[in-house]
Amino acid sequence: MLSGLPWDQWPLYASAIVFILGFGTIAFFFLLAISAPYGRHARDGWGPGIPAKPGWIVMEAPSPICFALLFFMYGGYTRAVPLILLGLWQLHYVYRAFIFPLRMRGGDKSKPLLTVALAFLFNIANGATNGFALAKLAPHLDNTWLSEPRFIAGLFVFFVGYFINHQSDAILRDLRKPGETGYKIPYGGAYRWVSAPNYLGEIIEWIGFAIAAWTLPGWAFAYFTACNLIPRALDHHRWYRDKFDDYPESRRAVIPHIL
Ligand code: NDP
C-alpha cells in the first residue's frame with residue numbers, strides 16, 4: 001500500500017503518511033507497556049512540563065490551522081464535498097483545541113513538554129495531509145459523492161461518535177466543581193458500558209470521517225486514534241478498578257461487552 005503513495009510527485013505528503021502510520025504503531029506498543037504521563041497517570045521523570053490548558057491549545061491548534069491552510073492553498077473550496085469535510089474537521093478541532101481546554105476543570109496540572117511537542121508535530125502532519133488530500137488528491141469527491149452510501153454512512157458514523165465524545169467529556173467535566181481536582185466514578189451516557197466513552201466516541205468519529213472522505217490520510221488518522229486511545233482506555237479502566245471498590249463490575253474499558 002505504501003509503495004502506492006505519490007513519492008515522486010508529493011514526497012513530503014508520502015513521508016507524512018508513513019510518519020502517522022509508524023507513529024501510531026509505535027505508540028500502540030509503547031502505551032500498552034507505559035501509560036501516557038498526563039492527567040491521572042502524570043508522574044515525575046518525563047522532563048519539564050507546561051500547564052495543561054495552554055499545553056492542549058499548543059498541541060491541538062496546528063491541526064485545524066494546517067488543515068485549512070493546505071485545503072485553501074490547493075483549491076479545496078471549489079467543491080461541495082471537500083467543503084463539508086472541512087466543516088467536520090473544524091467542528092471537532094475548534095472545540096478540542098480552544099473550547100475543551102478552556103472549560104477543563106482541575107486543569108492547572110502540568111503536562112510533559114515532550115508529549116506536547118510530539119502531539120504538536122503529529123497534528124501538523126495530520127492536519128496538513130488531510131487538508132491536502134481533500135483538496136488535491138481526491139477526484140472522487142465530486143457532487144456525485146453526495147449521494148454515495150459511503151459518504152452518507154460516514155457522516156452518520158461521524159456524528160454518532162461526535163455525540164458520544166461530547167456527552168462523555170461533559171459528564172467528566174461535571175464531576176468536578178470549579179477548583180476541584182479529585183476523581184469520582186462517572187455515570188450516565190455511554191459510561192453505562194465503558195470506562196472511556198470519550199475515547200470510544202473519538203475513535204468512532206474518525207472512522208466515520210475516513211468512510212465519508214475515503215482518503216488515505218483519513219484512514220491513517222482513524223488508525224492512529226485507535227492505536228493511541230485504546231491503550232490509554234485500558235490504563236484508565238485498570239486505574240478505576242484499583243481506586244474504587246464499588247466500581248461497576250460489568251463496565252468494560254472501551255468497547256462495550258468486548259474490551
Ligand atoms: P481524560 O478522560 O483522561 O480526561 C478528560 C478530562 O476529564 C480531564 O480534565 C480530566 O482531569 C477529567 N477527568 C477524567 N476522569 C475524571 C474523573 N473520573 N473524575 C473527575 N475528572 C475526570 O481524557 P484525555 O485528557 O486523555 O483526553 C481528552 C479528550 O481529548 C478526549 O475526548 C479524547 O478523546 C481526546 N483525545 C484525542 C486523541 C486522539 O488521538 N485523537 C488523543 C488524546 C485525547 P485530569 O486531567 O485531572 O485527569
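Which element gives the most to the shell around the ligand?

1. The element is α8, with seven residues. Helices here are DSSP runs (H or I, at least four residues), numbered from the N terminus. Two or more residues of the shell also come from each of α4, α6 and α7 (197–213), as they do from α8 (216–243).

2. This is a predicted model, where local features need pLDDT of at least 70 and side-chain atom pairs count only at pLDDT 80 or more, while totals for chains, interfaces and linings use all residues. Residues are numbered from 1 along each chain as its sequence is written, and side-chain values use heavy atoms, with hydrogens and water left out.

3. The ligand is surrounded by 26 residues, a residue being near if one of its heavy atoms lies within 4 Å. Among the closest are Y38, R40 and K109. By class, the shell has eleven nonpolar, seven polar and eight charged residues (Ala, Val, Leu, Ile, Met, Phe, Trp, Tyr, Cys and Pro count as nonpolar, Asp, Glu, Lys and Arg as charged, the others, Gly among them, as polar).

4. Ligand oxygen atoms lie 2.6 Å from a side-chain N or O atom of Y199 and 3.0 Å from one of R176. For Y240, the ligand atom is a nitrogen, at 2.9 Å from a side-chain N or O atom. Of the 880 Å² of accessible area that the ligand has on its own, the protein covers 93% (Shrake-Rupley method, 1.4 Å probe).

5. The axes of α4 (residues 80–103) and α6 (residues 149–174) come within 13 Å and cross at roughly 5°; α4 is therefore roughly parallel to α6 (angles under 35 degrees).

Definitions and conventions. Axes fitted to C-alpha atoms, helices over the stretch in contact; angles between N-to-C directions. Parallel < 35°, antiparallel > 145°, perpendicular 65-115°, else oblique. Polar contact = N/O pair within 3.5 Å; in protein donor to acceptor, adjacent residues only side chain to side chain.
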